[in-house]
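Q: Please walk me through this model. I would like to know what stands behind each word you use.

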Amino acid sequence: MIQVIDRVFNILEHLRDSQVLSLSCLAKHMGLNKSTLCNILKTMTDLGYIENDGSGNYRISEKFKQLAQPLPQEELLKSQCMHFCKMLADETRESGVITALRRRSLSILAQSQYPRSLMISMAVYENLSLFHSVSGRIILAHLRPPELDEIIDRYGYPGVEWEDISTHAELENACRELRKSKLSVMTNQTDGIKAFAMPVFDAKNRICGAMGLTVPLFRLDGGREPVILRALRECAAQLSLKNINLNLTCKTWRLL
């Protein structure tokens, strides 16, 4: 038996039974000294499987609870997302998408296309880049510093994918501007399209996904862009108010 794994699951079992325990109580229950236990708890907290409530007490996190959620919850999640995505598409008469961060990659939870003579191909949403997409950028901008650091450790800085950003200061400046506007915008003159994305927040007001849409440039003439942005903002706000956890899935994606 691998001792540290045994200890990890013992911690989880104790927290499951008691819901909240202090370091002293956990050390007593497990027969460990506090320094050894602290190292394990720090790793589990950094990974997001337990939480420190700020007063020295520990509890199981939502991330860990959701690992045990059955597959039907994933289907329910996608159904709920599809409802809001279709609402956006119907209100704007354009192509909408809802994305989230899963396993440190951008994942599509729902997409909807309004039927009209000239439509944006759904292929535009395939293999979305974390750095070179409006959805990826708006999610990155609202991550907590440790979460963003994990992304940088894995992928490095965006470079040519996002305004030649190659330092932490440049990335933080770009993220700060997106947080301030709560809007990510990209224009592709070659394809004649413009994409928009706004953040979606969970019940704790933390970023949990993005809602976006892509529009042909010629359909933005005549002052239509503010109308589209208003609809996008309202739909994203409604999804946030529903407090739907976009990470409610057995295949966890959050970097909690």
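A: Gladly! Contact means that heavy atoms lie within 4.5 Å. Among contacts in the protein chain between residues at least 6 apart in sequence, 60% join residues at least 24 apart. Please keep in mind that this is a predicted model, in which local features need pLDDT of at least 70 and side-chain atom pairs count only at pLDDT 80 or more, while totals for chains, interfaces and linings use all residues. Residues are numbered from 1 along each chain as its sequence is written, and side-chain values use heavy atoms, with hydrogens and water left out.

Q: How many helices and strands does the protein chain have, and what makes a run count as one?

A: The protein chain has nine helices and eight strands. Both are DSSP runs numbered from the N terminus: a helix is H or I over at least four residues, a strand is E over at least two.

Q: What makes E51 buried or exposed?

A: Buried means under 20% relative accessible area, exposed over 50%, and partly exposed in between (1.4 Å probe, protein chains only). E51 has 18%, so it counts as buried. This residue lies in strand β2, residues 50-52. Leaving out residues up to four places away in sequence, E51 touches N57, Y58, R59, S61, E62 and K204. Over the whole protein chain, 45% of the 256 residues count as buried.

Q: What makes α6 largely enclosed or open?

A: Eight of the eight residues of helix α6 (residues 134-141) are buried, so the helix is largely enclosed by the rest of the structure. The buried residues are V134, S135, G136, R137, I138, I139, L140 and A141.

Q: What is the orientation of α6 to α8, and why is it called that?

A: Their packing angle is about 95 degrees, with the axes 8 Å apart. Angles under 35 degrees count as roughly parallel, over 145 as roughly antiparallel, 65 to 115 as roughly perpendicular and the rest as oblique. α6 and α8 are therefore roughly perpendicular to each other. In this contact, R137, I138, L140 and A141 of α6 meet C175, L178 and R179 of α8. By class, five of the contact residues are nonpolar, none polar and two charged. Here Ala, Val, Leu, Ile, Met, Phe, Trp, Tyr, Cys and Pro count as nonpolar, Asp, Glu, Lys and Arg as charged, and the others, Gly among them, as polar.

Q: At what angle do helices α2 and α3 pack, and how is it defined?

A: Helix α2 (residues 23-30) and helix α3 (residues 34-47) pack at about 110 degrees, with their axes 10 Å apart. That makes α2 roughly perpendicular to α3. The axes are lines fitted to C-alpha atoms, for helices over the stretch in contact, and angles run from 0 to 180 degrees between N-to-C directions. L23, S24, L26, A27 and M30 of α2 meet K34, L37, C38 and L41 of α3. This contact of α2 with α3 has seven nonpolar residues, one polar and one charged.

Q: Which residues does Q19 contact, and is Q19 buried or exposed?

A: Q19 is exposed because its relative accessible area is 60%. Apart from neighbours within four places in sequence, Q19 contacts H14, Y58, R59 and I60.
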